[in-house]
Structure formats: structure tokens, C-alpha cells
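Keep the sequence and the model open beside you as you read.

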Amino acid sequence: MTDSVYTQLLDLACGAFLLAAVVVLWLRQLSSIVRVFALQGVALAAVAALLGLHEDRLGLLAVAAGIGLLRAGALPRLMLRALTTGTPHRSHPHYQEDVSETRETQPLVNVAASLLSAALLTLLAYAVSRPLVELNPTPATRALPVGLAVVLIGFFTLVTRRRALAQMVGFLLLDNGITVTAFLAASGVPLIVELGVSFDVLLAVLVLQILTTRMRAAFGGTGIDDLRELRD
Amino acid sequence: MTHATTALLLTAPIVVPLATSAAYAASGLRDAKARAAGAAALGHRTPRQRGAAAPVATLVLRPGHGPATYGTTPAETADGPSYGGPGARAWPGTRPGGSPGGPGTGSDGIAGPDTGPGAPAWSRGRPAAPAGTGTGAGPAGRARPGRGPRTGAPGPVPRPLTGRLGLVSPAAILTCGAALACTVPDSGPVTAYGRLLRADALTVWMLLTVGAVACLACAANPAHLAHERTDEPAARRYHLLVHAFLAAMSAAVLAANLGVLWVAIEATTIVTAFLVGHRRTRASVEAAWKYVVICSAGIALAFLGTVLLYYAARQAGIPEAYALDWQTLAARADRLDPSVTRLATGLVVLGFGAKAGLAPLHAWLPDAHSQAPAPVSALMSGVLLSVAFAGLLRYKVIADAALGAGFTRTLLAGVAVVTLALAAALLLAQRDCKRMLAYSSMEHMSLIALGTAAGSPLALSAVLLHMAGHGLAKTVAFCASGHIARLCGTTRIGRIRGLLAHSPCLGTAFAAAVVALLGLPPFGLFASELGIARAGFLSGPRWALAAALVLMLAAFAALAARTARMLLGPPPGEDDEAEPVPLGADAGAPLVAGLAACAALGVTTGPLTRLLSEAGEIIGGH
């Protein structure tokens, strides 16, 4: 693989990674959001695999495979299950307006403003990460702003979306952004840390899934706005 | 010390709690089998029993199946023993210590309509076994928990593990901490497993704090569970999670690698999520959700900071295996790129600050601390906040060496003043007793941050003393608040009156704990606050300290006035013949021990003085 092909492929994967985060903000159907998140996991694994090929490190390829399995396979699956366990089956096949649990009906910030914010956050990420790129300018570190942009978009999703599942996706976007930052900056953190982090993320998603089910049992829905028992 | 001894001392604080946790899990699996077999043999078809026994197993092995058992009926959650709910109003009539009776009190899945008449008696009577009903849970009982009593039990219903098993892991942490405290100040830091685990004076101090607070909280567990009428599987799950929580905290304290430190801190969030949501009421589910989301997202920012630090270290020529090793980083911090380190430090302060209850990501704290069971609140408030802050201290050393002391000083002082202002404002308007204590934790954490901002060795020693003193006093206060909640049926400050007349022992313990938290002598917090103030005016950001003193005055007034309102006055109810409610020895011993330890710290640090000053040197000596 020549250097120019490597650079182009890396930029392509990073572009897809960022685009997936923006599309998450654009979509409202929760199951579609989860699928886009899975695609982002594929892009993340591709970034790791490209770095592994470029540096001739087999270990990195194995890590890429593991990350792909976790973030494009296991986590989306868990979230889809959280989505389907509580949703009653439709008895009428006719069209009716879908106001059920499966849509992000009332985000705090509407879709157009969200996309605009995503653009602003990306600009912010480029501004913030200038010292990071200057430290060691390579094709990989030049893509670092993408990672930070996804972190910021993930935080934005977490704050503005009002469904439990959408918040989960926001948290995972944040986490994907951090992982890609680690890969682009230093070809990933040491293996033991990577393993621990992946395990923690998996468990956190399991916990959130179980809490979603409990929330549905206690509140009759998964809207975060219903959570107003505790306040000062 | 030989290498093997060191390895043992560094491993035991993590492994023993994990083993205890596993013992509870294993006994749950066995009980589920035994009960299923027993039920089949007796001809009682009790599917709900089995369903209720399952979560321990499912939680560990196949968590995805948990929801099937959790999502039973809304009625179950509504019936839970919520402090404010109507189900809890019935409590004032019952005597603490007595077995709560009354038909139809099935707050758990076990006492379902299809259970035989014998089962509810078991489900309520059995967990009430206090620490005293020993069934030989000595060292042998740890390896094979409860096997002896089970085979000897007449019926198919197995006996629960006793409360004494719960004390094994805190005792192990405390013992290892004490053993290390004897050697580390003389012979320097020790490492094990190729620098995966490391103990220096700071580690040892934190280990002692964790062990002491955990002893108190675990000693309070059996009494708490007995009064909460927790069914046996839920009690076992509770113990399992508490011990896993202790293991995670020990790992966070002992980790030499900053990445592993982060993993351990995040693990505490995951483990405590179900402890916060233990009661499954609407309020506790909400608190657990907020807790997991805010803490996970906040701590993720700290991981981003760690990643950036790793990047800077790699670019500074530190090899991959040592680029996250704290000792290496601290020694070579001057070679790190300043602008990258600055960004990383900002993110780390934000992230670990979230876990330590500092602004701006502090919103989870009052909810989680007020909803968790009282001993868990004590652990979370008493040590988890400090453990997270100790992680922050490690990063501070690196940041100070790379950037000079000014950056972290400004950052921490700003965060501390904002947190203190928030805590004081919310304390003034507080109407709930446990939330009041939670905001008081925020107040104390911001003081700790302020002392860290001052940065001299004296200030850091005072900070560490403050962590220990606050941990002990807050544990007593939270455990006492749990007893108060049961006694009065509420945690609303407005509904609690005349506690001193109603239950003199409990009232005195709570009053003493609040006096300690207010920073009055003879308790440890008086000495440490004095130290922080002195060091702050000598070296630190004086503007922040001046602002903090004014805000602390407001917090002091609020806390004192609210507590006085709860303690003084005539006891509730019109019945004059009501005699004072005694506090049992089981419930009272941890409170007295905690207060005594806190007072002892205020008088002298005794043999720990050297350890404390050395720990202060590690962080503040650069």
C-alpha cells in the first residue's frame, strides 16, 4: 500500500466516521440511529485496521477486529434489544402516526439546529486540536480533529436528546470519538487498557439497558423528561 | 519485605473483596438450585420464588436476561419501602429491632399471591438475622460460604450468609494498608506484577481510609438490610455488589498505570449503579440513570485526557509500555509538550471532577447519595469521592511538572469556589436530610480541591487528613440518617422533630457526626480545615480562600440550623408515655467506632504522622 493510497483510505474512513455522527443527529427513528451507529463502528475498525496495515503490526489488526465485533456487533445488538423488549407489537397494520417509544419525538434542539451545531462543534474541534496536530504532523494526526468533533457531537447528543436509547447512543458516540482519537494519535492505548475500557463500555451499556427496562416499568416510558422526581 | 509478601499485600485488597463477592454469587446459584429442587419435592409450585432468586445469577452471567425478572409489575415498585411513599408511613409504629410483621407487606417479588403461606415468613424473618447469629463464617466460611449450616438445615430453605462474612474484605483492606504503612515510609514505594500495582505513601493512606470506612459501612449492612425487609436474593445481590465496589476502589488506589486507574474508577460507576437503584422505586431508578449517564460521560472525558497525555508521552520518547506509568510520567514530565498537556489536564480535571462531585458535572451526586441505601451512600460519599480525587492528585503531579503549578492551581481553585457556591446555596434551601448530607459532601470536596490548589506539602497533608476525617464522619452521618429514616418514616427535614428525645442514642450520634462535619473540635476535620486555611493563606490563591470562607459560613449556618431543627423540640406524636427508642448494639457500634476514630484523628495522627507527611510530599513536593 503506497502512502498516498493509505492517506486517502484513512481520510475516507475518518470522513465516514464523522458523517455517521452527523447522521445520528439527523435521524429520528431510534432503530435507524442504532444502525448508523453500527456503521460508525465499522468505520472505526477500518481506521484501526488501516493503521495496523501501515505500521505492519498484527496486534493492531487483532484489536481492530475486536473493536469491530464490539462496536458494530455487540453494542448495537444490545441497544436494539433494549428497544424491542418494551415495545408492544402493533395490532393494527394500518398506518398511524408513530408517536411511540421508537422515535425521538421531542429533542431539546430541533434537527436543523442540531446539524448547524454539529458544524460549529466540528469547527471548534479543529480549533482546539491545532496543538495536537502541530506536535507531530502525519496523515493520521491530521485527522485528529475528527475524533474530537465526534466527542463533542456525542456530548451534544447526550444533552439534547430526550429518549433513554438516544442518550445511550450519545454516550457511545463520545466513546467512539475517544477511541478513534487514541488510534489516530498513538495507534491505540496499551492492550490491557484497551481491553479494560472495552469491557467497561460493554458493562455500562448493559447497565443502561437494564435501567431502561426498569424505567419503562416504573415510569411507563423511556422519556428522560419524565424523570423529575428528584430536584431541588 | 520479600517479593512474594509485597505481591500478596498489593493483591489482597483487590482479590479478597472479589472473592467475597464471588462467594455471594456462588451461594446464590446454589440456593436457587436448592430452592428449585425443594419446591419441586414439596409439590409447591412457586415460580415466582425462582424468578426472584434468579437475578443474582443472571446479573453475573447473562445480564441481558435480567430485565425479564426486573420488569415485573409497576405495583412492585410502587410497594417498595420508599421513605417518602405511603408504604413507609406505616413504619413509625414498629420498634426497631423487632421483626416487622403484618400481613400483605410483600414488598418483594417473593411474597406473591401464589406462594405458600410458609414462604412469606421465611422471606421476612430470615434476612433479619443480624451479625450475631453466627453460623461459623470464619476464615473457613469464606472459602465455602454457608456450606455447614446449609447441610444441617432441616428444610429445603438454605440459610443466608451471615453479616460477619461482609467484614472479611474491609478487614483485609485495612490489614494490608496497616502492613504497608509499617514498611512504605521507611523503604519507599513497592511494586508488583511488572509495575501494574504500586503502593506509595499516598496509596497506603487511601487504602487505610477505604478500609476504615468500609469496615463501618459493612458493619452497618446487616442491620440496614434487616430493617429494609430485603428478601434474600436481593440482599445477596446487594452484598455482591458492595464487595465488588470495594475491590474496584482498591484497584483504583493501587493502580500504577493511569489507564488501569481509569478503568477501575469507571468500574465503580458500573458496580454502584444497581446499588443506587437498589429499591427500584421511581426515584431510585431516576437517580441510577442520571448517575450512570453523567458519571460515565464525565469520566470518559478524563479518558480522553489520558489518551492525550499518552500521545504527548509517546512523542516525548517514552516507550509504549511506560507511557501511562505514573512514576515514569512524573519523572519525565518536563519533556511533555505543554499545550497538549494543558488540554489533557483540563479534560482530566473535568472528568475526575465529575466523579469527585465537583462542578460542573456534579448533578448526579445529590440524587445518587439520597437514593442509595444508607451504607452505600456512606461508602460513595465517604470514600468514592476521595478515591476519584486521589486519581486527580496523580495527574496534578504530572501537570505541575510539565506546566508549572499555576495552571492546576487556577483550574482547581475556580472549580472549588463554583462547587462551594452551589453547595452552599442548595444547602440553604434544603428540605431533605440525605440530600443535605450529599451537598455537605460537595462542600467538603471543594475544600479538598482548594487545599490541593494551594499545593504545598502542608496543604496536601491537610487534604489527605480531611479525606479520612470526612470519610469517617460522613459514614456515621449517613448510617445514622438511615436509622432516622426508618424511625421517622421519612427523610424530610420538616417532618423530623425531637430526635434527641425520641431516640437519645441515635440523636446524639447524628449530632456528633454533624458537629464533626461542621469542622468543630475535637474531630479530625477541625485540624484539617485549619491546616488547609493556613496553607492557603501562606502560599495559595488567597482570593479563592477568602471567598470560600464566606461561603463556608453560609453552609455552616444552613447545616447547623437544619440539624438543630431535627434534633431539638418535643418528639412527634401526642403520646406522652412514649419511651425513648433504643438503638441496638448492632446498629450503634459502627456509629460509635466511626466517631471515636474521627475524634482520634483530630487529637493526633499518632503513628501515621510520618505516612501523612510523606504522602503530602509526594503530591506537593514538586
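B:Pro522 sits in the loop that links helix H23 (504–517) to helix H24 (524–539) of chain B; helices here are DSSP runs of H or I with at least four residues, strands are E runs of at least two, and both are numbered from the N terminus. Everything described here belongs to a predicted model, in which local features need pLDDT of at least 70, side-chain atom pairs count only at pLDDT 80 or more, and totals for chains, interfaces and linings use all residues. Residues are numbered from 1 along each chain as its sequence is written, while chains are lettered from A and ligands numbered from 1 in the order in which they are written.

Another cis bond runs from B:Ala359 to B:Pro360, with omega near 0 degrees. B:Pro360 is also a loop residue, placed between helix H16 (338–355) and helix H17 (364–371) of chain B. Such bonds are worth a look because most peptide bonds are trans, just as most residues other than glycine have a negative phi.

B:Arg195 has phi near 60 degrees, a positive value in a residue other than glycine. You will find B:Arg195 in the loop between strand E1 (190–192) and strand E2 (197–199) of chain B. B:Arg280 also has a positive phi, of about 60 degrees, without being a glycine, and lies in the loop between helix H13 (258–276) and helix H14 (282–315) of chain B.

B:Arg280 is buried, because 24 other C-beta atoms lie within 10 Å. The cut-offs are 20 or more such atoms for buried, 12 or fewer for exposed, and anything in between for partly exposed, with C-beta atoms placed from the backbone.

Now return to helix H23 of chain B, where B:Ala513 is found. B:Ala513 is buried, with 27 other C-beta atoms within 10 Å. Leaving aside residues up to four places away in sequence, B:Ala513 touches B:Ala473, B:Val476, B:Ala477, B:Ala480 and B:Leu595; contact means that C-beta atoms, placed from the backbone, lie within 7 Å. B:Ala513 and B:Ala480 are 33 residues apart in sequence, and their C-alpha atoms are 8.7 Å apart in space.

Technical notes. Contact = placed C-beta atoms within 7 Å.
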